[in-house]
Amino acid sequence: MNESDDSTMSQHPMNATSPDGVDCDEAVHALYHYLDGELTDERRAVISLHLDQCAPCGSAAHFESELRRIVADQCTDRVPQSLIERVAAAINEEERHGN
Ligand SMILES: [Zn+2]
């Protein structure tokens with residue numbers, strides 16, 4: 001029985017809690033709702049502030065929004081046949097490994 005009193009604190013040494021009470025885990029979870037515009041203005045402001053102050057979360061948000069923009073472009077336009085085939089092949093490969 002090891003009675004270490006800071007075991008929960010030391011699991012995520014990189015996570016910093018901002019004065020607003022949003023940590024990186026929370027910001028990343030909220031990121032999808034943030035990008036989907038599903039947050040209240042107040043919540044949005046809090047997450048936005050964290051993304052501004054936290055470089056890893058900020059770049060994750062930037063990456064995710066860029067990715068969405070590209071995917072949206074591809075979907076409204078047309079997905080290249082070569083990409084569809086590559087994805088289909090990858091899925092087939094996965095299923096074969098599963099069985
Ligand atoms: Zn963060």
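**View 1. The largest nonpolar core of the predicted model has ten residues.** These are Val-22, Ala-27, Ala-30, Tyr-34, Val-46, Ile-47, Leu-51, Cys-54, Cys-57 and Ala-61. A nonpolar core is a set of buried Ala, Val, Leu, Ile, Met, Phe, Trp, Tyr and Cys residues joined through C-beta atoms within 7 Å. Helices α1, α2 and α3 (55-76) each supply at least two residues of this core. A residue is buried if 20 or more other C-beta atoms lie within 10 Å of its own, exposed if 12 or fewer, and partly exposed in between, with C-beta atoms placed from the backbone. This is a predicted model, in which local features need pLDDT of at least 70, side-chain atom pairs count only at pLDDT 80 or more, and totals for chains, interfaces and linings use all residues. Residues are numbered from 1 along each chain as its sequence is written.

**View 2. The chain has four helices and zero strands.** Helices (H or I, at least four residues) and strands (E, at least two) are DSSP runs, numbered from the N terminus. The pattern along the sequence is α-α-α-α. Of the 99 residues, 11% count as buried.

**View 3. Helix α1 (residues 24-36) crosses helix α2 (residues 41-53) at roughly 120 degrees.** Their axes come within 10 Å; axes are lines fitted to C-alpha atoms, for helices over the stretch in contact, and angles run from 0 to 180 degrees between N-to-C directions. The angle makes α1 oblique to α2 (under 35 degrees counts as roughly parallel, over 145 as roughly antiparallel, 65 to 115 as roughly perpendicular and the rest as oblique). Ala-27, Ala-30 and Tyr-34 of α1 make the contact with Arg-44, Ile-47, His-50 and Leu-51 of α2. Two residues are in contact if their C-beta atoms, placed from the backbone, lie within 7 Å. Leaving aside residues up to four places away in sequence, Tyr-34 touches Leu-39, Arg-44 and Ile-47.

**View 4. Cys-57 lies in helix α3.** Cys-57 counts as buried because it has 22 C-beta neighbours inside 10 Å. Not counting residues up to four places away in sequence, Cys-57 touches Cys-24, Ala-27, Val-28, His-50 and Leu-51. Leu-31 is 26 residues from Cys-57 in sequence, and the two are 8.8 Å apart in space, C-alpha to C-alpha.
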